[in-house]
Amino acid sequence: MEGFDEISLMQEQVSEKSENTGKRINFCEEQIELAEQTICDLRDLLTFMKGYKQIIDVNHPEARQFEHWEEMNADLDAMALRLIAYEKQLHTTKKNEVA
């Protein structure tokens, strides 16, 4: 009878471990989903800022004389490249989680 109790105990432990693993996987999936949504939202905001700057450039050419105005293009482009790098890293992480 003792062997039966040990087997039951081991089965419970295995069940708990698989349940915890499932929770961990769900948490990781939620983190990845949140990161994907955040990157998408940031990309939308960045596109808006670039477009708005272009409108200002066309309608107010005097703005080009403002200090740091032209540097803004380089900064916006650098942010876009960072988002691309984050997205690539996220997809690599996602592939590794699935495998």
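This is a short chat about the structure shown above.

Visitor: Hi! What kind of model is this, and which thresholds apply?
Guide: Hello! The model is predicted, so bear in mind that local features need pLDDT of at least 70 and side-chain atom pairs count only at pLDDT 80 or more, while totals for chains, interfaces and linings use all residues. Residues are numbered from 1 along each chain as its sequence is written, and side-chain values use heavy atoms, with hydrogens and water left out.

Visitor: Thanks. How many helices and strands are there?
Guide: The protein has 2 helices and 0 strands. Helices (H or I, at least four residues) and strands (E, at least two) are DSSP runs, numbered from the N terminus.

Visitor: And what share of the protein is buried?
Guide: Of the 99 residues, 10% are buried. Buried means under 20% relative accessible area, exposed means over 50%, and partly exposed is in between (1.4 Å probe, protein chains only).

Visitor: What does the accessible surface come to?
Guide: About 8500 Å², with 58% of that belonging to carbon and sulfur atoms. Accessible areas come from the Shrake-Rupley method with a 1.4 Å probe, and for residues only the protein chains shown count as cover.

Visitor: Let's go inside. Which residues form the largest nonpolar core?
Guide: That core has 6 residues: I32, I39, L46, L76, L83 and L90. Helices α1 and α2 (69–98) each supply at least two residues of this core. A nonpolar core is a set of buried Ala, Val, Leu, Ile, Met, Phe, Trp, Tyr and Cys residues joined through side-chain atoms within 4.5 Å.

Visitor: What is I39 in contact with?
Guide: Leaving aside neighbours within four places in sequence, I39 is in contact with L83, Y86, E87 and L90. Contact means heavy atoms within 4.5 Å. Across the protein, among contacts between residues at least 6 apart in sequence, 71% join residues at least 24 apart.

Visitor: New topic: which residues form a nonpolar patch on the surface?
Guide: F48, M49, Y52, I55 and M79 do, with about 520 Å² of accessible area together. Helix α1 (residues 2–59) gives the largest share, 4 residues. Patches are made of residues with over 30% relative accessible area and no salt bridge; like charges are joined within 9 Å, and nonpolar side chains (Val, Leu, Ile, Met, Phe, Trp, Tyr) within 5 Å. A salt bridge is a side-chain nitrogen of Lys or Arg within 4 Å of a carboxyl oxygen of Asp or Glu.

Visitor: How many aromatic pairs are there?
Guide: The structure holds 2. F48 and Y52 are stacked, because their ring centres are 5.9 Å apart and their planes are at 20°. These two are 4 residues apart in helix α1, so about one helical turn separates them. F66 and W69 form an edge-to-face pair, 6.4 Å centre to centre with 90° between the planes. Rings of Phe, Tyr and Trp (its six-membered ring) pair if their centres lie within 6.5 Å; planes under 30 degrees apart count as stacked, over 60 as edge-to-face and the rest as tilted.

Visitor: Is W69 buried or exposed?
Guide: W69 is buried, with a relative accessible area of 10%. D57, which is in helix α1, counts as buried at 13% relative accessibility. Leaving aside neighbours within four places in sequence, D57 is in contact with R64 and W69.

Visitor: Last one: where does H68 lie?
Guide: H68 lies in the loop between α1 and α2. Its phi is near 70°, a positive value in a residue other than glycine. At 48% relative accessibility, H68 counts as partly exposed.
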